[in-house]
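Here are my notes on the model you sent over. Have a look at the fold before reading on.

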Amino acid sequence: MGLITQLLTLPLAPVRGAVWVMDQVVLTAEQQYYDPEPVRLRLAELEQELLDGRVTEEEFDRIEDDLLDELEWRQAYQRQIQERH
């Protein structure tokens with residue numbers, strides 16, 4: 001931006017600042033929501049539950065399928081974010 005443009009749009013600076021802050025809040029929230037690490041941890045816990053006999057193989061398979069779908073979905077979102085930046 002040129003000096004004149006900056007001077008003319010100076011009254012909008014608080015709005016631009018607020019928009020930037022909101023963008024950062026949304027970005028952080030999305031990163032936390034789509035983070036695949038909690039799903040990986042749950043898969044490890046589920047495997048331990050199977051080994052300890054706390055879940056049956058049928059329950060394990062059903063839950064594992066759901067978790068793997070969730071993991072794939074989150075990883076796909078992460079790849080989309082990386083491609084944008």
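1. First, the ground rules. This is a predicted model, where local features need pLDDT of at least 70 and side-chain atom pairs count only at pLDDT 80 or more, while totals for chains, interfaces and linings use all residues. Residues are numbered from 1 along each chain as its sequence is written, and side-chain values use heavy atoms, with hydrogens and water left out.

2. On confidence, the chain averages a pLDDT of 90, and 96% of the residues score at least 70 (pLDDT is the predictor's confidence in each residue, from 0 to 100). Helix α1 (residues 3–8) has the lowest mean, 74, and α3 the highest, 97.

3. The chain has 4 helices and 0 strands (DSSP runs, H or I of at least four residues for helices and E of at least two for strands, numbered from the N terminus). Its C-alpha atoms fill a box of roughly 70 × 20 × 15 Å along the principal axes.

4. How do α3 and α4 cross? The axes of α3 (residues 37–52) and α4 (residues 57–84) come within 9 Å and cross at roughly 170° (lines fitted to C-alpha atoms, for helices over the stretch in contact, with angles from 0 to 180 degrees between N-to-C directions). That makes α3 roughly antiparallel to α4 (over 145 degrees).

Technical notes. Parallel < 35°, antiparallel > 145°, perpendicular 65-115°, else oblique.
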